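Here is a walk through one protein chain. It begins with a covalent link, then turns to the fold and the surface.

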Amino acid sequence: EKRGDNECNIAKDVAFVVGGMPVDSRDVNLIQFGSASYLGKPICVSVSVPRRAVISDMNIASSADGTASRRRSGLSLKISVRSRKVSTKEGACSVSHVVYQRAS
């Protein structure tokens, strides 16, 4: 598979909103190690949680029919492509995993 010069760069072409707060592009950093790459290019990023991000409470279905639920807290995450140059033909942006790491 070949990718063009206009392929998605997830650190530059994608906008992240965490807990209702936009993430500054300086707080989106490529992760540089072998298994975090595709076709020899880094594709994984570390995204900082903004200080003013809001933790939300929600009900999560805990039964198959949705009649039972439990209350959970979490951070909302919105991801959008901000660059007009990105296209499916040139190399679309893709998100396959989200890993949350809580600071100790």
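The structure holds 1 disulfide, counted as a pair of cysteine sulfur atoms within 2.5 Å. A disulfide is a covalent bond between the sulfur atoms of two cysteines. Here cysteine 8 is joined to cysteine 93, with an S to S distance of 2.0 Å. The two partners come from distant parts of the chain, 85 residues apart. Cysteine 8 sits in the segment before α1 (10-13). Cysteine 93 sits in the segment after α2 (88-91). The torsion about their S-S bond is about 95°, so the disulfide is right-handed.

The model is predicted: local features need pLDDT of at least 70, side-chain atom pairs count only at pLDDT 80 or more, and totals for chains, interfaces and linings use all residues. Residues are numbered from 1 along each chain as its sequence is written, and side-chain values use heavy atoms, with hydrogens and water left out.

Cysteine 44 is in no disulfide. Its nearest cysteine sulfur belongs to cysteine 8 and is 12 Å away. Cysteine 44 is partly exposed, at 30%.

Now the fold. The chain has 2 helices and 9 strands. These are DSSP runs, numbered from the N terminus: helices are H or I with at least four residues, strands are E with at least two. From the N terminus the order is α-β-β-β-β-β-β-β-β-β-α. Contacts mean heavy atoms within 4.5 Å. Among contacts between residues at least 6 apart in sequence, 54% join residues at least 24 apart.

Next, the overall dimensions. The radius of gyration is 17 Å, whereas a compact globule of 104 residues would have a value near 13 Å. That radius is taken over C-alpha atoms, and the globule rule is 2.2 Å times the number of residues to the power 0.38. Along the principal axes, the C-alpha atoms fill a box of roughly 50 × 35 × 30 Å.

Last, the surface. Buried residues make up 17% of the 104 residues. The chain exposes about 8,200 Å², of which carbon and sulfur atoms supply 49%. These areas come from the Shrake-Rupley method with a 1.4 Å probe.

Conventions: Buried means under 20% relative accessible area, exposed over 50%, partly exposed in between (1.4 Å probe, protein chains only).
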